[in-house]
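Let's walk through a protein model together, one question at a time. Keep the picture open while you read.

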Amino acid sequence: MLTTPTAQTRFLHIQTWFRALSAADQTRLDTSVRLIHSRKGEVMLRAGDVVEGWYGVVSGLVKLVSHSPEGRTSVFLGLPAGQWFGEGSVLKKEVRRYDVVALRETTLLCLPRAEFDHLFHTSLGFTQAVVWQMNMRLGQAMAAIEASRVRSPEQRVALYLSRVFWHGIQKLDLSQEELSNMVGLSRQTVNRALQVLERQGMVSLQLGRIDVRDDNALTAFAFGTAAPCKFSTPSEQTVG
């Protein structure tokens with residue numbers, strides 16, 4: 001009798017490093033991982049807690065939020081389904097430095113620390129995947145820092161819609177509220193920036209969904225290698 005694969009099994013089997021493991025290792029991991037479910041707006045993992053493992057987004061969307069001693073909040077990354085996070089904290093064996101908040105109904109997969117450590121020291125494919133992941137996060141962090149200091153609001157929005165953060169995902173199904181949370185700008189500012197990008201043919205906006213139409217142009221504009229655009233006026237029709 002055939003059985004339907006579980007969500008965690010399906011998620012693991014799309015990982016290249018997982019498919020390279022022996023059948024015995026695959027079975028062990030499939031029974032050791034656990035899923036965490038959350039509704040929109042809930043804190044799934046809290047800053048200051050002990051990090052229990054490496055996390056993958058099985059479905060949904062989360063934001064990583066840090067808090068300053070003065071009480072200021074900063075959203076520094078949004079993560080869609082298919083991405084992993086928290087490898088630095090696992091490797092350094094430190095407490096979590098940020099809240100993980102669900103921007104919509106979300107399921108996370110936790111690969112326990114013991115399994116992470118074992119694979120990191122025994123599986124070349126897994127180690128390479130973690131190194132690639134850390135290199136990607138470094139590139140994103142540098143791009144975000146630069147954007148917050150020297151880029152216009154339009155360029156900041158373009159950056160957070162580009163392949164730098166989404167890796168070729170064309171149909172983001174992302175609301176302006178969710179995008180403003182990630183970019184760190186008001187919804188009104190994000191709305192005006194999106195209208196600029198839509199008029200330039202880089203994105204299209206329909207029923208709250210943002211579709212990337214020209215990823216190359218979007219990325220070039222985000223990094224200042226394309227012609228600058230002018231902000232739309234607040235009196236223009238809003239979207240979504």
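Q: Is the crossing of H6 and H7 left-handed or right-handed?
A: Helices here are DSSP runs of H or I with at least four residues, strands are E runs of at least two, and both are numbered from the N terminus. A crossing is left-handed if the near helix is turned anticlockwise from the far one by less than a right angle, and right-handed if clockwise. For H6 and H7, the crossing is left-handed.

Q: What kind of model is this, and how are its residues numbered?
A: This is a predicted model, where local features need pLDDT of at least 70, side-chain atom pairs count only at pLDDT 80 or more, and totals for chains, interfaces and linings use all residues. Side-chain values use heavy atoms, with hydrogens and water left out, and residues are numbered along each chain as its sequence is written, from 1.

Q: At what angle do the axes of H6 and H7 cross?
A: Two packed helices are described by the angle between their axes and the distance between the axes. Axes are lines fitted to C-alpha atoms, for helices over the stretch in contact, and angles run from 0 to 180 degrees between N-to-C directions. Angles under 35 degrees count as roughly parallel, over 145 as roughly antiparallel, 65 to 115 as roughly perpendicular and the rest as oblique, and H6 and H7 are therefore roughly antiparallel. The axes of H6 (residues 124-150) and H7 (residues 153-161) come within 9 Å, and they cross at roughly 165 degrees.

Q: Which residues of H7 make the contact with H6?
A: Contact means heavy atoms within 4.5 Å. On the H6 side you'll find Ala143, Ala144, Ala147 and Ser148. On the H7 side, look for Arg156, Leu159 and Tyr160.

Q: How many residues of the contact of H6 with H7 are nonpolar?
A: Ala, Val, Leu, Ile, Met, Phe, Trp, Tyr, Cys and Pro count as nonpolar, Asp, Glu, Lys and Arg as charged, and the others, Gly among them, as polar. This contact has 1 polar residue and 1 charged residue, and the nonpolar ones number 5.

Q: Are H3 and H5 roughly parallel or roughly antiparallel to each other?
A: The axes of H3 (residues 23-32) and H5 (residues 113-122) come within 11 Å and cross at roughly 155 degrees. In this contact, Arg28, Leu29 and Ser32 of H3 meet Glu115, His118 and Leu119 of H5. From the crossing angle, H3 and H5 are therefore roughly antiparallel.

Q: At what angle do H9 and H10 pack?
A: Helix H9 covers residues 176-183, and helix H10 covers residues 187-199. Their axes are 9 Å apart. H9 and H10 pack at an angle of about 105 degrees, and that makes H9 roughly perpendicular to H10.

Q: How many aromatic pairs does a search of the whole structure find?
A: Rings of Phe, Tyr and Trp (its six-membered ring) pair if their centres lie within 6.5 Å; planes under 30 degrees apart count as stacked, over 60 as edge-to-face and the rest as tilted. Searching the whole structure gives a count of 11.

Q: What are the distance and plane angle between the rings of Tyr55 and Phe85?
A: Tyr55 sits in strand S3 (residues 53-59) and Phe85 in strand S6 (residues 84-85), so this pair links distant parts of the chain, 30 residues apart. The pair is stacked, because the ring centres are 5.7 Å apart and the planes are at 15 degrees.

Q: Is Tyr55 buried or exposed?
A: Buried means under 20% relative accessible area, exposed over 50%, and partly exposed in between (1.4 Å probe, protein chains only). The relative accessible area of Tyr55 is 2%, so Tyr55 is buried.

Q: Is Lys93 buried or exposed?
A: Lys93 is in the loop between helix H4 (87-92) and strand S7 (99-102). Most residues other than glycine have a negative phi, but Lys93 has a positive phi of about 55 degrees. With 55% relative accessibility, Lys93 counts as exposed.

Q: Which residues is Gly41 in contact with, leaving aside its neighbours within four places in sequence?
A: Gly41 lies in the loop between strand S1 (34-38) and strand S2 (43-45). It is exposed, with a relative accessible area of 52%. Apart from those sequence neighbours, Gly41 touches Val101 and Ala102.
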